[in-house]
Structure formats: C-alpha cells, structure tokens
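Biologist: Thanks for sitting down with me. Could we go through this chain together, one question at a time?

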Amino acid sequence: MRNFKAFGHVIIALFIISLSAWCHGQVELDKAPMEKAEKDALFSTIQGFVGNWWNGSDLYPDPCGWTPIEGVSCDLFDGFWYVTVLNIGPIYENSLSCAKNLEFRPHLFELKHLKTLSLFKCFRSQRRHQVTIPNANWENLAGSLKSLEFRSNTGLIGKIPSSFGVLKKLQSLVLLENGLTGEIPPEIGNLKKLNRLVIAENYLSGHIPDIFTALGDLLILDLSRNSLSGSLPLTLGCLTSLLKLDVSNNHLEGNLLKEFAYLKNLTLLDLGNNRFSGGLTLSIQEMHSLEEMVLSNNAIGGDIRILKWENLHNLVSLDLSNMGLNGEIPESIIQLKRLRFLRLSDNNLTGNLSPKLSTLPSLNALYVSGNNLAGELKFSMEFYGKMGTRFGAWNNPNLCCPLGAIATSNVPFGVKPCQQQIKLVESNTNGSDVNKTFYSIASLCHAPNNFWWTFPFIMILFLNSYIIGL
C-alpha cells in the first residue's frame, strides 16, 4: 500500500513539473522577440506599399505579437519570429490599403523566410504612378518563396522578370489581371515544383515558349486573355498531371495537338476564341477525365462525327459553337449522361435533331441555332417546359415546329411552323373523287396558347377550296 502511494506521489510530481515546463514554454513563445533587422525590413516594405504614415505603433509587442498585422503571418526560427506570409491589399476587412504612389523597396528581399507574397489591387492607376516588377534580388528569396501572386493590378506594367526563374521552390505563380507586356520568359521552365501557373488577362504577346518538359507537377495552366500567337508547344503533352488548361482568347493558330492524348487527368480544356484549324483531332477522345471542353470560335472545321464522343463520359459542358463543323449530330452524344450544357450553334450541321437528346438526364441547356438542320422538332411539351429559353434552334431554314404541340407556351423561338396538310375529298361533275390539299399556317412556334383562334381561318380556307372545286 505504501509503495502504491509513493508511486502516486511520483506521478503527481511529474505532472506538475511537465505542466510548469509547458506553461514556461508558452510564456517564452508569447514573448519570443523579432530581430531588429527583420522588423525594420518588414516596416520599410509595408511603408513602400501603404505609405510612410504607417509606423506600426499599434502593434504589441511586435508585428507577430498579440496584435498582428492583418495579412502578415510569422513562424519561429531559432527562437525568433520571422515573416513567412505577406499579403498587401484589400484581401481582408481590416487589411492595409495601398497608397496611390507606391514602390517595391529593396528591404522586401531581406525577408529571408518569406514563403508567400501577394499583392492585390495595389497598383491601380493605368496612367499615373505606374510600377514595374523589379528584376533584381529575387535570388534572395529563392530558398523560401513558394507562392507569388500579383492580382488585379492594372497599373503594374512592364515585362515579367526573367529572374523569377531562380525561385526553385516556387509552387504557385499567379500574374492575373495586370498590365504586363512582352513575352513569357523561358526561364519559367526552371520552376520544376510549380503546380499552378496563371499568367492571364495581361497584354502578353509572342509565342508560348516550349518550356514544359520539366514541369511535370503542374496542375493548372492558364494563359488566357492575352495576345499570344503561334502554335501550341508540343511539350504540353508532358504535363500528364494537368487538371486545367486554358489558353482561350488569344491569337493562337495551327492544328490541335495529337499530344492531347497524354493528358489523361485533364478536367478542363478551353481553347476558345483563337485561330485554330485543321479539324478535330482523335487525341481529344483519349482525354477520358474531361468535364468541360470549349473549342468555340475557331475555324477548326471538319466532320463532328470523327470522334467517339461516348469516350468522354465525364463531360458536363461542351461548347463547339462557331467552328465550321459539318455532318450530322452524332447519336453517341446521347451516351454522355452527365452532360448539362451543349452548344453546337453556328456551324454547318445537317440532318434531323434527334428527340433522344431529351433523354439526357442532366441536360438543362441545348443550343443548335445557325445550322442547316432539317425536319420536325419532335421533342415533348415537357422538354420544352424544362428547357425554356435555354433551348435555341433558330436560324435553321429547314427546321420546323409541328402544329400538334400548339397548346404549350414554352415554344422554341424563331423556328418556322411546319406546313400542315389537310386533305379534302370532293365529288366532281363526273362523280369521281378528287383530292384537294391546302396548308395551314398555324404552328407551335408563333401561335398563342389557345388553338381555337385558328378554327375560323381553317373554315374560310375550306369553303374557298370547296367553291373553287365547284
């Protein structure tokens, strides 16, 4: 019994000692200092962006203490606080606002543990106080920086620094909606750890450099909304981990790549609003993970039936409008059970519009206007009611709507009525039967909800035909 009590006392003593050590550690953590050089570098950097009026006087005991700066985060290294995250701009409600006349100060590159740098809506003026990204000193951050973002800075002009290529630990490079010009520097290809590369909505020109051989970890590539020209580099096929590829709204040209077949994990492919040509490539049907594909507004041409569309069974959205495609709409599209959005407008498609499209369980938008489709629309009233204005079939001269669906108010806009034949049997003076035919003008597409307004018109035509026969 005495041994048991003694053992209990030992346990209690150890617990008290451990608790005391933990509390002491917490006190030390809360009182951990920031080196003066780090603090001075941070303050100067912030003042360069927000103005010299800011002096951090409301911070206690330092920028990483109990009253930190919104957008600034720190980590402990060897018992001292160092800045690891710096977000400047209106990201949070109480973030520091950028000054009208701001600058990159060299002290930024003295933050040797900086992992994330983001500047959002800071450089706004497109005429006055324009700023360029410095080309020097990025090597000072090469050992730490993992994320670099410049978003919505319309007054940030000039070229993308080639010195970004020294940031070997960089995983995310986002240059979105700025005023940057020039070409994409090939040194970006040195950033082997990149998983996100977004250089979109700037004023970049020139060709897309052939730099993707070593970027096998890339998941997102967005070069959209620039003025890039030339053909797609073949090394895009090396990006076997890629999930999203967007090069839309440029001046790119040439054939679609056979190397697309290697992009087995791609979920989004957007090549819209370019100058591609040469027809659809069979490599597209090998991208089994595709959920969204946009090839619209390219002079690609060729037969839409060349692909085995059933292979793209994960497709949710498909936009092939204004591409110069010909042929009939393939029945295999009906096997895309996840499809919600289908746009085939402004092509040279022919044949009938299969009513089987209405069996697609998720479809809620179908646009086939501006083609050469023919015959009657044979969709049900329920289909028209479900789709509403999200069904477009106008500007198909040989496509018509049947009179039988006249009771519905959800009618397709701009489709002409089908001519309805009514045969009359009359007796002539010789006692033989003569077939007389006339055509009704009433139709689903332009008629009001009530069919009975057409009855007097039909009776007039009937009597007129009868009198002429006499």
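Biologist: Let's begin with Glu177: is Glu177 buried, partly exposed or exposed?
Modeller: Happy to start there, and please keep in mind that this is a predicted model. Glu177 sits in strand 6, and its phi is positive, about 60 degrees, although the residue is not a glycine. Buried requires under 20% relative accessible area and exposed requires over 50%. With a relative accessible area of 32%, Glu177 is therefore partly exposed.

Biologist: Stepping back, what is the secondary structure of the chain, in helices and strands?
Modeller: The chain has 470 residues, and 47% of them count as buried. Among contacts between residues at least 6 apart in sequence, 56% join residues at least 24 apart. As for secondary structure, the chain comes to four helices and 27 strands.

Biologist: And how much of the accessible surface belongs to carbon and sulfur atoms?
Modeller: The accessible surface of the chain comes to about 23500 Å². The share of that surface belonging to carbon and sulfur atoms is 53%.

Biologist: On to charges. Which residue forms a salt bridge with Arg225?
Modeller: The closest N and O atoms of this pair are 2.6 Å apart, and the cut-off for a salt bridge is 4 Å, so the pair qualifies. It links distant parts of the chain, 24 residues apart: Arg225 is in the loop between strand 9 (220–222) and strand 10 (227–230), and its partner is in the loop between strand 7 (196–198) and strand 8 (203–207).

Biologist: What is the N to O distance in the salt bridge of Lys264 and Glu286?
Modeller: Lys264 lies in the loop between strand 12 (251–255) and strand 13 (268–270), and Glu286 lies in the loop between strand 14 (275–277) and strand 15 (292–294), 22 residues apart. Lys264 is partly exposed at 38% relative accessibility, and Glu286 is partly exposed at 27%. Their side chains meet in a salt bridge with an N to O distance of 3.7 Å.

Biologist: Which residues form a positive surface patch?
Modeller: Patch members need over 30% relative accessible area and no salt bridge. Lys169, in the loop between strand 5 (147–159) and strand 6 (172–182), has 36% relative accessibility and therefore clears that cut-off. The positive patch is formed by Lys115, Lys146, Lys169 and Lys193.

Biologist: Is Ser147 buried or exposed?
Modeller: The place of Ser147 is in strand 5. Beyond its neighbours within four places in sequence, Ser147 is in contact with Lys115, Thr116, Leu117, Leu170 and Ser172. Its relative accessible area is 13%, under the 20% cut-off, so Ser147 is buried.

Biologist: How far apart in space are Gly206 and Ile184?
Modeller: Gly206 is found in strand 8 and counts as buried at 14% relative accessibility. Leaving out residues up to four places away in sequence, Gly206 touches Glu183, Ser227, Leu228 and Ser229. Gly206 and Ile184 are 22 residues apart in sequence, and their C-alpha to C-alpha distance is 7.8 Å.

Biologist: One more, please: what is the distance in space from Arg338 to Asn314?
Modeller: Arg338 lies in the loop between strand 18 (325–328) and strand 19 (341–343), and at 36% relative accessibility Arg338 counts as partly exposed. Setting aside neighbours within four places in sequence, Arg338 is in contact with Glu291, His313, Asn314, Leu315, Val316 and Ser362. Arg338 and Asn314 are 24 residues apart in sequence, and C-alpha to C-alpha the distance is 6.3 Å.

Key: Residues numbered from 1 in each chain as written. Predicted model: local features only at pLDDT ≥ 70, side-chain atom pairs only at ≥ 80, totals over all residues. Heavy atoms only, no water. Helix = DSSP H or I, 4+ residues; strand = E, 2+ residues; numbered from the N terminus. Buried < 20%, exposed > 50% of the residue type's maximum accessible area, 1.4 Å probe, protein only. Contact = heavy atoms within 4.5 Å. Areas by Shrake-Rupley, 256 points an atom, 1.4 Å probe, with all protein chains shown as cover. Patch = residues over 30% accessible without salt bridge, like charges linked within 9 Å, V, L, I, M, F, W, Y side chains within 5 Å. Lys, Arg positive; Asp, Glu negative; His and termini not counted. Charge placed at Lys NZ, Arg CZ, Asp CG, Glu CD.
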